[in-house]
Structures are given as C-alpha cells and as structure tokens.
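Please open the structure in a viewer and keep the selection panel at hand. The tour begins with the whole chain and then turns to individual side chains.

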Amino acid sequence: MPAQIIKVSQLNRYVKAQLEENPLLGDLLVKGELTSMSRRSGSGHFYFTVSEGDATLRCVMFARYAERVPAFPQEGDTVIVRGAITLYERDGQYQLSAYDIQSIGQGTGSVDYTALRQKLLAEGLLSPERKRPAPRFPRAVGVITSAEGAAVQDIITGMGKHNDLIPIVLYPATVQGAAAVEEMLYALRCAVADNRCDVIIIARGGGAAETLAVFNDERLLRAAAASPVPIVSAVGHDVDITLLDEVADLRAATPTAACQYCCVSKAELLTEFSLAKNGLQRAMKYRLYGLLGRTDALQRVLRARSPQVLYSKNRQRLDYLTRLLQGNMQHILWRLTQQAGQLHGQLELLDPALPVERGYSITYTVRQGEQLPLYSCRDVKPGDILLTRIKDGEVLSTVTAVNPRKE
C-alpha cells in the first residue's frame with residue numbers, strides 16, 4: 001500500500017507527542033557548559049544552550065520557573081539542568097524545557113577562552129595601538145566566508161548599497177566544524193598572496209557560542225594579527241563576541257555592517273565630489289574675477305600710457321600752458337602799460353617845456369652849438385650867448401653882466 005502523505009505540521013505534532021509521552025525523557029538531569037544565554041525582557045523567559053564538546057542542546061526556561069532560581073548561572077559555567085524533552089513545532093527542533101538549573105563550576109571552554117585572551121593580551125595582540133584603519137578607496141574587498149551561507153549574500157547586498165564601485169573577491173571557506181580553521185587559514189593565505197584586496201572581511205552569520213568557537217582558535221587569531229592587510233571581523237550578531245573581534249583591526253556587528261568599515265560610501269564620495277566641485281568652481285570664479293579685475297586695471301594703465309592718450313594729455317597741457325602764458329604775458333603787458341602810463345605822467349610833470357607852456361621861460365647857455373640849461377649865475381660870464389625859450393618862441397641874447405644874489 002502506498003505511504004500516506006502528511007503535512008509538516010502533522011509530523012512535528014506527532015514527534016512532539018512521542019517525545020513528551022516517553023517517560024525516560026519527561027524528567028532529565030543534563031550536565032554541560034552554559035553558552036549562548038539570552039533573556040527576553042518582555043516575557044522573562046531564558047533561552048540558552050548546554051554544550052559538551054561539539055554536542056549542543058537547546059534549552060528554554062520559562063519565566064515561572066526562572067523566578068524560582070536564586071542566581072542564574074553565567075555563561076561558561078558548568079551546569080546541571082533539570083527538565084523535559086519537547087519539540088518546538090514551528091522549527092521542528094527538539095529542546096529541553098528546563099525546570100531548574102544549578103552551577104557546579106566553570107566550564108573548560110570558558111577557562112580556555114580566558115587563558116587564551118590573557119595570553120594574547122600580554123603579547124599586545126589586543127592592543128588598540130596596533131589596529132589599522134581600512135583604506136577609504138581599496139582596490140577590492142576580500143571576503144572569507146562560506147560560499148553558500150547567508151553572510152556572503154548580506155555582504156554583496158550591503159556593498160551594493162554602500163559602494164558598488166568597489167569589487168568583491170570571495171575566498172570561500174567553511175566557517176563551522178572541524179575543518180573550518182584550516183580552510184579559513186588557507187583562504188587568508190590565498191587572499192594575502194593574491195595581493196588584489198586592500199582589506200579582508202572574515203564573516204559568518206549568527207549562531208550559538210559553540211558554533212562560533214572556531215573564531216577563538218589561536219592559529220586563526222595569530223594569522224589575522226600577522227596579516228599585512230587590515231582584517232574586519234564580522235562574526236555573528238552584535239551580541240556575539242569572539243576573540244577574532246578583539247584581534248582584528250576592525251569589528252562589525254554583522255556581515256552587512258562590515259561594508260561600511262571597508263571603504264568610503266558612494267553617497268559620501270559623491271558628497272565630497274560635489275563639495276570639491278563647488279569649491280573648485282568658487283575658486284575658479286574668484287580667480288577669474290581677480291584676473292578680470294587685474295586685466296581691467298592693466299587696460300586702464302595701458303590706456304593711460306598709450307601714445308595717443310599721452311599726446312592728448314600733453315596737448316591739453318600745452319594748450320593750458322599756452323593760454324596761461326598768454327594770460328600772464330597779457331597781464332604783464334597790461335601792468336607794464338600801466339607803469340609806463342604812470343611814468344609818462346611823471347615825466348610830463350617833470351618836462352621842462354611844461355612851465356614854458358604855462359607862461360614861464362627857460363634859459364640855456366649856448367656853447368659850441370650845445371644848449372645847456374642854466375641853473376646858476378656861476379655857470380655864465382659876460383659875453384656868453386643865452387637862449388631863452390618862451391611860450392611863443394626863442395630869444396638869443398648876450399650876457400653883459402652877472403649879478404649873483406647875495407646870501
């Protein structure tokens with residue numbers, strides 16, 4: 001007879017019933033290391049994992065039982081959990097529904113983690129001073145992760161949004177299980193030898209603490225610290241912490257967020273280009289205005305010093321000086337004319353002929369044809385010829401006697 005076809009929900013419900021009806025699984029005491037613990041603040045439920053080596057068991061403790069626990073153990077503690085096996089129908093995964101939990105010491109995984117961290121810290125591999133920034137403009141971004149995992153798709157999508165101008169080079173490696181460390185080391189060596197990438201992302205999606213333990217491997221940590229290319233750790237989610245996060249040059253909360261640490265964003269680059277373009281345009285405009293102003297000034301100087309302008313200015317100055325000289329000459333001539341008139345008037349007043357015209361006479365001595373004005377009796381003697389000018393003529397006479405006036 002053909003097998004009956006059933007729905008997934010029917011199968012999960014059936015398996016759940018089988019598990020819960022099994023008396024051996026109804027009340028168990030399970031010992032292991034507490035990892036991946038989280039508490040839902042809204043409901044008060046605790047979700048955690050109990051692990052032993054590579055084996056893990058998912059557990060849930062509902063709020064009504066968690067309230068009875070005096071002090072909930074810390075991650076890394078070795079615990080004994082009491083509960084019943086059940087199946088979560090939605091995911092189809094079985095889990096331990098815990099009623100009680102007790103710590104019986106620190107787990108070996110926690111001890112190893114702490115000891116290795118202290119060792120790396122003492123060697124300075126966790127020092128912030130040795131961390132290198134990722135380049136703003138890498139030639140390419142290398143990615144070490146599983147080729148089939150969600151992390152690589154998240155990085156491709158994130159890089160497409162952040163800056164699709166930067167190429168991505170995938171170096172595939174298993175990121176979980178016994179072979180994960182060797183494959184990631186090989187991928188890292190290939191990426192460094194390839195010399196194509198200026199920054200390398202080591203990534204994987206979220207998971208339980210035991211599945212992320214490969215990123216606490218000392219060989220991988222030392223290889224990341226010695227890498228000549230900056231390393232970005234993008235392991236798990238924001239709450240997941242590994243030693244690779246502390247050794248790597250940069251730590252991203254998620255694989256998607258790793259993109260923003262690898263290079264400058266395209267939007268920021270476009271903004272910088274726009275600002276640079278505007279600044280260059282302003283500088284060119286100011287420079288052009290300055291050159292135009294200088295050109296105008298030089299043109300004004302050239303025009304001012306051109307032969308035509310100099311000729312015109314000198315011609316104007318010559319005309320001005322000519323007019324000024326003519327004016328000065330006319331003024332001087334006028335002054336000289338005035339002075340001459342005054343002197344002429346003075347000379348007329350001193351003209352000996354004027355008294356004659358008014359009825360007086362002037363007497364001259366005549367000697368050897370020369371006429372000399374007579375001023376004193378001592379200038380003549382008897383027998384000298386005298387010329388007397390009167391208003392209507394001249395009279396010639398001879399001196400017969402000279403009678404000087406007595407003092």
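What percentage of the contacts in the protein chain with a separation of 6 or more is accounted for by residues 24 or more positions apart? Such residues account for 61% of those contacts. The model on display is predicted.

**The whole chain**

Of its 407 residues, 31% count as buried.

**A nonpolar patch**

With the surface still shown, select Ile-6, Leu-11, Tyr-14 and Val-15. Together these residues make a nonpolar surface patch of about 360 Å². Ile-6 is located in the segment before α1 (8–21). Is Ile-6 buried, partly exposed or exposed? Its relative accessibility is 45%, so Ile-6 counts as partly exposed, a class that lies between under 20% for buried and over 50% for exposed.

**The aromatic pairs**

Return to the cartoon and show the aromatic side chains. The whole structure contains 3 aromatic pairs. Select Phe-46 and Phe-72 to examine one of them. The ring centres of Phe-46 and Phe-72 are 4.2 Å apart and the ring planes lie at 10°, so this pair is stacked. The pair links distant parts of the chain, 26 residues apart: Phe-46 belongs to strand β2 (residues 46–52), and Phe-72 to the loop between α2 (63–66) and β4 (77–88). Both Phe-46 and Phe-72 are buried.

Because Tyr-65 lies in helix α2 and Tyr-99 in strand β5 (residues 93–106), the pair ties together parts that are 34 residues apart in sequence. Colour the two residues by accessibility: Tyr-65 is buried, with a relative accessible area of 17%, while Tyr-99, at 32% relative accessibility, counts as partly exposed.

Ring pairs link Phe-46, Phe-48 and Phe-72 into a cluster.

How values were computed
Residues are numbered from 1 along each chain as its sequence is written. This is a predicted model: local features need pLDDT of at least 70, side-chain atom pairs count only at pLDDT 80 or more; totals for chains, interfaces and linings use all residues. Side-chain values use heavy atoms; hydrogens and water are left out. Patches are made of residues with over 30% relative accessible area and no salt bridge: like charges are joined within 9 Å, nonpolar side chains (Val, Leu, Ile, Met, Phe, Trp, Tyr) within 5 Å. Accessible areas come from the Shrake-Rupley method with a 1.4 Å probe; for residues, only the protein chains shown count as cover. A salt bridge is a side-chain nitrogen of Lys or Arg within 4 Å of a carboxyl oxygen of Asp or Glu. Helices (H or I, at least four residues) and strands (E, at least two) are DSSP runs, numbered from the N terminus. Buried means under 20% relative accessible area, exposed over 50%, partly exposed in between (1.4 Å probe, protein chains only). Rings of Phe, Tyr and Trp (its six-membered ring) pair if their centres lie within 6.5 Å; planes under 30 degrees apart count as stacked, over 60 as edge-to-face and the rest as tilted. Contact means heavy atoms within 4.5 Å.
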